[in-house]
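Please look over the sequence and the structure before reading on.

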Amino acid sequence: MSFNWTPEELQAIVDEHSIVLFMKGTPEEPRCGFSNRAAKVLQQVGVPFASVNILTDPRAIPSVCAWADFPTMPQIYIHGELIGGSDIALEMYESGELQEMISSEKSN
Amino acid sequence: MVTEQWVVDEVGKVVPSAIIEATDLHGTGDHFHVRVISQSYEGQRPLQRQRPILAHFKQYIVTNTVHALDLKCMTPDQETALGETKFDPHKGKETEFFGIHIRREKKE
(Lines give C-alpha, C1' and ligand atoms only; values in the text may rest on other atoms or scores of the structure.)
Protein backbone atom coordinates (compact mmCIF):
# COMPACT_ATOMS: atom_id res chain seq x y z
CA MET A 1 0.00 0.00 0.00
CA SER A 2 1.38 3.38 -0.89
CA PHE A 3 1.58 6.39 1.38
CA ASN A 4 -0.24 9.45 0.08
CA TRP A 5 0.41 12.03 2.82
CA THR A 6 -3.30 12.46 3.54
CA PRO A 7 -4.33 14.16 6.80
CA GLU A 8 -5.56 10.77 8.06
CA GLU A 9 -2.25 9.08 7.32
CA LEU A 10 -0.27 11.91 8.89
CA GLN A 11 -2.47 11.91 11.96
CA ALA A 12 -1.94 8.16 12.29
CA ILE A 13 1.84 8.66 12.39
CA VAL A 14 1.74 11.20 15.21
CA ASP A 15 -0.84 9.14 17.11
CA GLU A 16 1.26 6.02 16.84
CA HIS A 17 4.60 7.47 17.98
CA SER A 18 5.07 9.59 21.08
CA ILE A 19 7.75 11.71 19.39
CA VAL A 20 7.77 12.36 15.65
CA LEU A 21 10.19 14.53 13.70
CA PHE A 22 9.34 15.53 10.14
CA MET A 23 12.67 16.57 8.67
CA LYS A 24 14.79 17.07 5.57
CA GLY A 25 16.94 13.94 5.45
CA THR A 26 17.48 11.61 8.37
CA PRO A 27 18.98 12.12 11.84
CA GLU A 28 22.11 10.35 10.55
CA GLU A 29 22.19 12.31 7.30
CA PRO A 30 20.33 15.57 7.77
CA ARG A 31 19.95 17.71 4.66
CA CYS A 32 19.26 21.00 6.39
CA GLY A 33 20.86 22.74 9.34
CA PHE A 34 17.57 23.28 11.09
CA SER A 35 16.50 19.66 10.66
CA ASN A 36 19.88 18.67 12.04
CA ARG A 37 19.39 20.90 15.04
CA ALA A 38 15.94 19.42 15.70
CA ALA A 39 17.32 15.86 15.49
CA LYS A 40 20.22 16.74 17.76
CA VAL A 41 17.91 18.21 20.37
CA LEU A 42 15.76 15.08 20.37
CA GLN A 43 18.83 12.83 20.51
CA GLN A 44 20.01 14.84 23.48
CA VAL A 45 16.72 14.13 25.27
CA GLY A 46 17.57 10.46 24.85
CA VAL A 47 14.10 9.08 24.21
CA PRO A 48 13.67 7.16 20.92
CA PHE A 49 11.77 9.10 18.29
CA ALA A 50 10.30 8.46 14.86
CA SER A 51 11.60 10.55 11.98
CA VAL A 52 10.01 11.11 8.61
CA ASN A 53 12.21 12.21 5.71
CA ILE A 54 10.05 14.63 3.77
CA LEU A 55 12.52 14.82 0.88
CA THR A 56 11.56 11.34 -0.32
CA ASP A 57 8.38 12.54 -2.02
CA PRO A 58 7.66 15.95 -3.61
CA ARG A 59 4.12 15.80 -2.23
CA ALA A 60 5.35 15.62 1.35
CA ILE A 61 6.20 19.22 2.20
CA PRO A 62 2.99 20.83 0.86
CA SER A 63 0.88 18.06 2.38
CA VAL A 64 2.46 18.14 5.83
CA CYS A 65 2.54 21.94 5.96
CA ALA A 66 -1.13 22.24 4.96
CA TRP A 67 -2.18 19.55 7.44
CA ALA A 68 -0.19 21.11 10.26
CA ASP A 69 -0.94 24.73 9.31
CA PHE A 70 2.76 25.33 9.89
CA PRO A 71 4.79 26.61 6.94
CA THR A 72 8.30 25.30 7.57
CA MET A 73 10.34 22.17 8.18
CA PRO A 74 11.34 20.59 10.48
CA GLN A 75 8.25 19.95 12.61
CA ILE A 76 8.22 18.16 15.95
CA TYR A 77 5.23 16.38 17.47
CA ILE A 78 5.09 15.25 21.08
CA HIS A 79 2.21 12.95 22.00
CA GLY A 80 0.38 13.97 18.83
CA GLU A 81 0.75 17.70 19.41
CA LEU A 82 2.81 20.02 17.22
CA ILE A 83 5.28 21.87 19.39
CA GLY A 84 6.97 23.75 16.53
CA GLY A 85 10.26 23.76 14.64
CA SER A 86 13.87 23.48 15.73
CA ASP A 87 13.94 26.95 17.30
CA ILE A 88 11.13 26.03 19.69
CA ALA A 89 12.54 22.56 20.33
CA LEU A 90 15.84 24.03 21.43
CA GLU A 91 14.16 26.69 23.52
CA MET A 92 11.98 24.10 25.28
CA TYR A 93 14.95 21.77 25.73
CA GLU A 94 17.00 24.47 27.37
CA SER A 95 14.16 25.42 29.70
CA GLY A 96 13.44 21.76 30.51
CA GLU A 97 9.88 21.99 29.17
CA LEU A 98 10.56 19.53 26.37
CA GLN A 99 11.80 16.76 28.66
CA GLU A 100 8.90 17.46 31.01
CA MET A 101 6.35 17.25 28.21
CA ILE A 102 7.80 13.99 26.92
CA SER A 103 7.95 12.25 30.27
CA SER A 104 4.81 13.62 31.93
CA GLU A 105 2.31 12.49 29.34
CA LYS A 106 4.10 9.24 28.72
CA SER A 107 3.14 7.91 32.14
CA ASN A 108 -0.55 8.54 31.55
CA MET B 1 15.87 38.33 -1.77
CA VAL B 2 14.72 40.64 0.99
CA THR B 3 16.45 42.81 3.56
CA GLU B 4 16.73 42.63 7.32
CA GLN B 5 14.71 45.83 7.54
CA TRP B 6 11.96 44.32 5.41
CA VAL B 7 11.74 41.36 7.79
CA VAL B 8 11.62 43.71 10.79
CA ASP B 9 8.82 45.72 9.15
CA GLU B 10 6.81 42.62 8.26
CA VAL B 11 7.10 41.17 11.77
CA GLY B 12 6.15 44.62 13.10
CA LYS B 13 2.85 44.39 11.25
CA VAL B 14 2.05 41.31 13.32
CA VAL B 15 3.52 42.30 16.69
CA PRO B 16 3.46 46.11 16.63
CA SER B 17 4.59 46.64 20.21
CA ALA B 18 7.63 44.38 19.96
CA ILE B 19 11.34 45.07 19.79
CA ILE B 20 12.40 43.25 16.62
CA GLU B 21 15.89 42.41 15.37
CA ALA B 22 16.52 40.46 12.17
CA THR B 23 19.83 38.96 11.06
CA ASP B 24 20.49 37.83 7.51
CA LEU B 25 22.42 34.65 8.32
CA HIS B 26 24.21 34.13 5.00
CA GLY B 27 23.93 37.48 3.28
CA THR B 28 21.66 35.78 0.76
CA GLY B 29 18.49 37.55 1.88
CA ASP B 30 16.48 34.40 2.55
CA HIS B 31 17.70 32.83 5.84
CA PHE B 32 16.89 35.00 8.84
CA HIS B 33 17.26 34.81 12.55
CA VAL B 34 14.65 37.04 14.14
CA ARG B 35 14.44 38.12 17.74
CA VAL B 36 11.04 39.38 18.82
CA ILE B 37 10.76 40.80 22.30
CA SER B 38 7.33 41.64 23.60
CA GLN B 39 5.56 41.79 26.94
CA SER B 40 2.51 40.34 25.15
CA TYR B 41 4.28 36.95 25.10
CA GLU B 42 3.94 36.55 28.84
CA GLY B 43 2.04 33.35 29.62
CA GLN B 44 2.09 32.05 26.03
CA ARG B 45 3.74 28.85 24.87
CA PRO B 46 6.42 29.14 22.17
CA LEU B 47 4.20 27.88 19.35
CA GLN B 48 1.41 30.32 20.24
CA ARG B 49 3.94 33.12 20.08
CA GLN B 50 5.16 32.09 16.62
CA ARG B 51 1.84 31.23 15.00
CA PRO B 52 0.73 34.76 14.01
CA ILE B 53 4.17 35.59 12.58
CA LEU B 54 4.36 32.34 10.63
CA ALA B 55 0.82 32.80 9.35
CA HIS B 56 1.81 36.20 7.99
CA PHE B 57 5.07 34.92 6.46
CA LYS B 58 3.46 31.85 4.92
CA GLN B 59 2.84 33.80 1.70
CA TYR B 60 6.59 34.54 1.43
CA ILE B 61 7.68 31.06 2.52
CA VAL B 62 5.60 29.16 -0.05
CA THR B 63 7.16 31.26 -2.83
CA ASN B 64 10.61 30.71 -1.25
CA THR B 65 11.17 34.47 -0.96
CA VAL B 66 11.99 33.59 2.63
CA HIS B 67 13.52 30.14 2.97
CA ALA B 68 14.14 30.01 6.71
CA LEU B 69 12.85 32.04 9.59
CA ASP B 70 14.51 31.08 12.85
CA LEU B 71 12.34 32.79 15.43
CA LYS B 72 13.08 33.63 19.00
CA CYS B 73 9.98 35.11 20.60
CA MET B 74 10.76 36.29 24.10
CA THR B 75 9.39 38.32 26.94
CA PRO B 76 11.66 41.17 28.08
CA ASP B 77 12.65 39.09 31.14
CA GLN B 78 13.64 36.13 28.99
CA GLU B 79 15.62 38.34 26.66
CA THR B 80 17.68 39.60 29.58
CA ALA B 81 18.30 36.06 30.83
CA LEU B 82 19.13 34.48 27.47
CA GLY B 83 21.48 36.95 25.80
CA GLU B 84 22.71 36.04 22.32
CA THR B 85 20.49 33.60 20.42
CA LYS B 86 21.73 33.59 16.84
CA PHE B 87 22.06 30.22 15.15
CA ASP B 88 23.48 29.61 11.70
CA PRO B 89 22.63 26.16 10.34
CA HIS B 90 25.44 26.22 7.81
CA LYS B 91 28.29 27.03 10.15
CA GLY B 92 29.92 25.19 13.02
CA LYS B 93 31.66 22.41 11.09
CA GLU B 94 34.51 21.98 13.59
CA THR B 95 32.53 21.92 16.76
CA GLU B 96 29.13 20.41 16.56
CA PHE B 97 26.65 22.69 18.18
CA PHE B 98 22.93 22.96 17.91
CA GLY B 99 22.37 26.04 19.93
CA ILE B 100 24.13 28.93 21.45
CA HIS B 101 24.10 27.53 24.96
CA ILE B 102 24.86 23.94 24.06
CA ARG B 103 28.18 23.31 22.44
CA ARG B 104 29.87 19.96 22.31
CA GLU B 105 32.95 18.48 20.77
CA LYS B 106 32.13 16.39 17.75
CA LYS B 107 32.02 12.72 18.69
CA GLU B 108 33.14 10.05 16.26
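A residue is called buried if 20 or more other C-beta atoms lie within 10 Å of its own, exposed if 12 or fewer, and partly exposed in between, with C-beta atoms placed from the backbone. By that rule B:Glu4, with 16 C-beta neighbours inside 10 Å, counts as partly exposed. The model is predicted, and local features need pLDDT of at least 70, side-chain atom pairs count only at pLDDT 80 or more, while totals for chains, interfaces and linings use all residues. Residues are numbered from 1 along each chain as its sequence is written, and chains are lettered from A and ligands numbered from 1 in the order in which they are written.

**Chain B overall**

- Chain B has three helices and five strands, where helices (H or I, at least four residues) and strands (E, at least two) are DSSP runs numbered from the N terminus.
- Read from the N terminus, the order of elements in chain B is α-β-β-α-β-α-β-β.
- Of the 108 residues in chain B, 28% are buried.
- Among the contacts in chain B with a separation of 6 or more, 51% join residues 24 or more positions apart; two residues are in contact if their C-beta atoms, placed from the backbone, lie within 7 Å.

**B:Glu4**

- B:Glu4 belongs to helix H1 (residues 4-14) of chain B.
- Apart from neighbours within four places in sequence, B:Glu4 is in contact with B:Ala22, B:Thr23 and B:Asp24.
- B:Val34 is 30 residues from B:Glu4 in sequence, and the two are 9.1 Å apart in space, C-alpha to C-alpha.

**Helices H1 and H2 of chain B**

- The axes of H1(B) and H2(B) come within 9 Å and cross at roughly 120 degrees; axes are lines fitted to C-alpha atoms, for helices over the stretch in contact, and angles run from 0 to 180 degrees between N-to-C directions.
- H1(B) and H2(B) are therefore oblique to each other, given that angles under 35 degrees count as roughly parallel, over 145 as roughly antiparallel, 65 to 115 as roughly perpendicular and the rest as oblique.
- On the H1(B) side the contact is made by B:Glu10, B:Val11, B:Lys13 and B:Val14, and on the H2(B) side by B:Pro52, B:Ile53, B:His56 and B:Phe57.

**Contact between the chains**

- In chain A, 19 residues are in contact with 19 residues of chain B.
- Helix H2 (33-45), strand S4 (81-84) and H4 of chain A are the elements that give two or more residues to the side of chain A that touches chain B.
- Helix H4 (residues 86-95) of chain A packs against helix H2 (residues 46-62) of chain B at an angle of about 155 degrees, with the axes 10 Å apart.
- That angle makes H4(A) roughly antiparallel to H2(B).
- A:Ile88, A:Glu91 and A:Met92 in H4(A) meet B:Pro46, B:Leu47 and B:Gln50 in H2(B).

**Helix H2 of chain A**

- H2(A) is mostly covered, with 10 of its 13 residues buried.
- The buried residues of H2(A) include A:Phe34, A:Ala38 and A:Leu42.
- The buried residues of H2(A) pack against strand S1 (19-23), strand S2 (50-53), strand S3 (75-78) and H4 of chain A, together with strand S3 (68-74) of chain B.
- After H2(A) comes A:Gly46, whose phi is positive, near 90 degrees.
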